[in-house]
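Subject: Handover of a structure and notes on its features

Dear colleague,

Please find the structure below, followed by an account of what was found in it. I would be grateful if you kept it open while reading.

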Amino acid sequence: LMVLLLQTYLYCFNSFSQNPSFRSKLVNLCEALHCRVPEYTNIGEITVLDSQMVQNEDYSYQFSSTITNQAQFSQPTPAIKLILVNFVGEVLAYRIFYTNDFSTGKQSDHIRSNETLEINLQIAPIIELVGGYYFELV
């Protein structure tokens with residue numbers, strides 16, 4: 001029985017800890033046993049409420065987006081993959097921005113349950129004319 005419990009812990013603990021129905025029970029169990037539950041990460045539960053990109057007078061760009069964590073648990077603030085395209089849809093530039101690259105107005109690199117964050121990015125001017133953008137949370 002002990003071997004079975006150990007194998008379950010070693011092979012299934014991470015996946016159980018990401019399941020909302022098991023996570024609360026595992027947190028309580030780990031508090032009693034002095035173990036650590038892995039961070040909850042489910043990017044599918046972070047919703048984009050809006051986004052926009054505007055060109056500044058100096059031809060730089062300001063990207064902003066509002067996201068909400070709809071999960072029951074706190075999770076790491078996601079990175080943002082931003083892709084700039086021309087008017088034909090060809091990629092001009094792309095970059096992944098991590099939490100230390102953008103301003104959210106708070107100190108933590110986690111987004112609490114039901115918390116909404118406003119993300120702001122300054123994009124340096126580029127030579128080509130930008131026709132649009134798209135982004136994804138990663």
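Patches are made of residues with over 30% relative accessible area and no salt bridge, where like charges are joined within 9 Å and nonpolar side chains (Val, Leu, Ile, Met, Phe, Trp, Tyr) within 5 Å. A salt bridge is a side-chain nitrogen of Lys or Arg within 4 Å of a carboxyl oxygen of Asp or Glu. Accessible areas are calculated by the Shrake-Rupley method with a 1.4 Å probe, and for residues only the protein chains shown count as cover. With these terms in hand, one nonpolar patch on the surface can be described: Val91, Tyr94 and Tyr134 form it, with about 350 Å² of accessible area together.

The model is predicted, so local features need pLDDT of at least 70 and side-chain atom pairs count only at pLDDT 80 or more, while totals for chains, interfaces and linings use all residues. Residues are numbered from 1 along each chain as its sequence is written, and side-chain values use heavy atoms, with hydrogens and water left out.

Val91 belongs to strand β5 (residues 91–97); helices (H or I, at least four residues) and strands (E, at least two) are DSSP runs, numbered from the N terminus. Val91 counts as partly exposed because its relative accessible area is 46%. In these notes, buried means under 20% relative accessible area, exposed over 50%, and partly exposed in between (1.4 Å probe, protein chains only).

The sheet

In which order do the three strands of the open sheet lie? The order is β1-β2-β7, and the pairing is antiparallel. Strands β1 (46–55) and β7 are the edge strands, each pairing on one side only. From one strand to the next, the twist averages 15°; the axes behind such angles are lines fitted to C-alpha atoms, for helices over the stretch in contact, and angles run from 0 to 180 degrees between N-to-C directions.

Two strands pair if DSSP finds at least two bridges between them. Nine bridges join β1 and β2 in the antiparallel sense, and Thr47 stands opposite Thr68 in β2. Strand β2 (residues 61–69) is also joined to β7, by eight bridges, and these two run antiparallel. Here Ser65 stands opposite Ile119 in β7.

Strand β7 (residues 116–123) has two faces. Leu117, Ile119, Leu121 and Ile123 make up the covered face, whereas Thr116, Glu118, Asn120 and Gln122 make up the uncovered one. In a regular strand the side chains alternate between the two faces of the sheet.

Aromatic pairs

How many aromatic pairs does the structure hold? There are four. Rings of Phe, Tyr and Trp (its six-membered ring) pair if their centres lie within 6.5 Å; planes under 30 degrees apart count as stacked, over 60 as edge-to-face and the rest as tilted.

Phe16 and Phe22 form a tilted pair, at 4.9 Å centre to centre and with 50° between the planes. Both residues are partly exposed, Phe16 at 32% relative accessibility and Phe22 at 38%. The pair of Phe63 and Tyr133 is edge-to-face, because the ring centres are 5.7 Å apart and the planes are at 80°. This pair links distant parts of the chain: Phe63 is in strand β2 and Tyr133 in strand β8 (residues 132–137), 70 residues apart. Phe63 is buried, at 0% relative accessibility, whereas Tyr133 is partly exposed, at 25%. Together with Phe135, these two residues form one aromatic cluster.

Helices and loops

Leu4 is found in helix α1 (residues 2–17) and is exposed, with a relative accessible area of 52%. Leu4 and Asn42 are 38 residues apart in sequence and 28 Å apart in space, C-alpha to C-alpha. Ser24 lies in helix α2 (residues 20–33) and is partly exposed at 38% relative accessibility. Between the C-alpha atoms of Ser24 and Gln72, which are 48 residues apart along the chain, the separation is 9.8 Å.

Most residues other than glycine have a negative phi, and most peptide bonds are trans. His34 has a positive phi, near 60°. His34 is found in the loop between α2 and β1 and is exposed, with a relative accessible area of 74%. Asn114 also has a positive phi, of about 65°. Asn114 is found in the loop between β6 (110–111) and β7, and its 58% relative accessibility makes it exposed.
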